[in-house]
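Biologist: Could you take a close look at a single part of this model and tell me how its side chains are placed and what they pair with? I would like the cut-offs behind each term as you go.

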Amino acid sequence: MRACTTGPYGLREVQDGAREVVAGDLPLDAFDRRLRERDLHPRGSGHLLAAALFLDGRR
């Protein structure tokens, strides 16, 4: 199952997890593990999350 083909369900999973990571409620490695277990691949949104975390860490 790929995020681009899972429709709203996959999108919601990735968005919710990303929010938890940015809020500090979920470690990034746990989010990555969750996505891999569900066979979700966020593609471009994964890059955006990584960039957001990098920039947030520079503050």
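Modeller: Arg 19 counts as exposed, at 51% relative accessibility, where exposed means over 50% relative accessible area, buried under 20% and partly exposed in between, with a 1.4 Å probe and protein chains only. This is a predicted model, in which local features need pLDDT of at least 70 and side-chain atom pairs count only at pLDDT 80 or more, whereas totals for chains, interfaces and linings use all residues. Residues are numbered from 1 along each chain as its sequence is written, and side-chain values use heavy atoms, with hydrogens and water left out.

The partner of Arg 19 is Asp 16, and the closest N and O atoms of this salt bridge are 3.1 Å apart; the term requires a side-chain nitrogen of Lys or Arg within 4 Å of a carboxyl oxygen of Asp or Glu. Asp 16 is partly exposed at 31% relative accessibility. Because Asp 16 and Arg 19 are 3 residues apart in helix α1, about one helical turn separates them. Helices (H or I, at least four residues) and strands (E, at least two) are DSSP runs, numbered from the N terminus.

Glu 13 forms a salt bridge with Arg 38, with 3.4 Å between the closest N and O atoms. Arg 38 lies in the loop between α2 (28-37) and α3 while Glu 13 is in helix α1, so this pair joins parts 25 residues apart in sequence. Glu 13 is buried, at 18% relative accessible area, whereas Arg 38 is partly exposed at 37%.

Helix α1 (residues 7-23) also meets helix α3 (residues 44-57), their axes coming within 11 Å and crossing at roughly 10°. Axes are lines fitted to C-alpha atoms, for helices over the stretch in contact, and angles run from 0 to 180 degrees between N-to-C directions. The crossing therefore makes α1 roughly parallel to α3, as angles under 35 degrees count as roughly parallel, over 145 as roughly antiparallel, 65 to 115 as roughly perpendicular and the rest as oblique. Val 14, Ala 18, Val 21 and Val 22 of α1 make the contact with Ser 45, Leu 49 and Leu 53 of α3, contact meaning heavy atoms within 4.5 Å.
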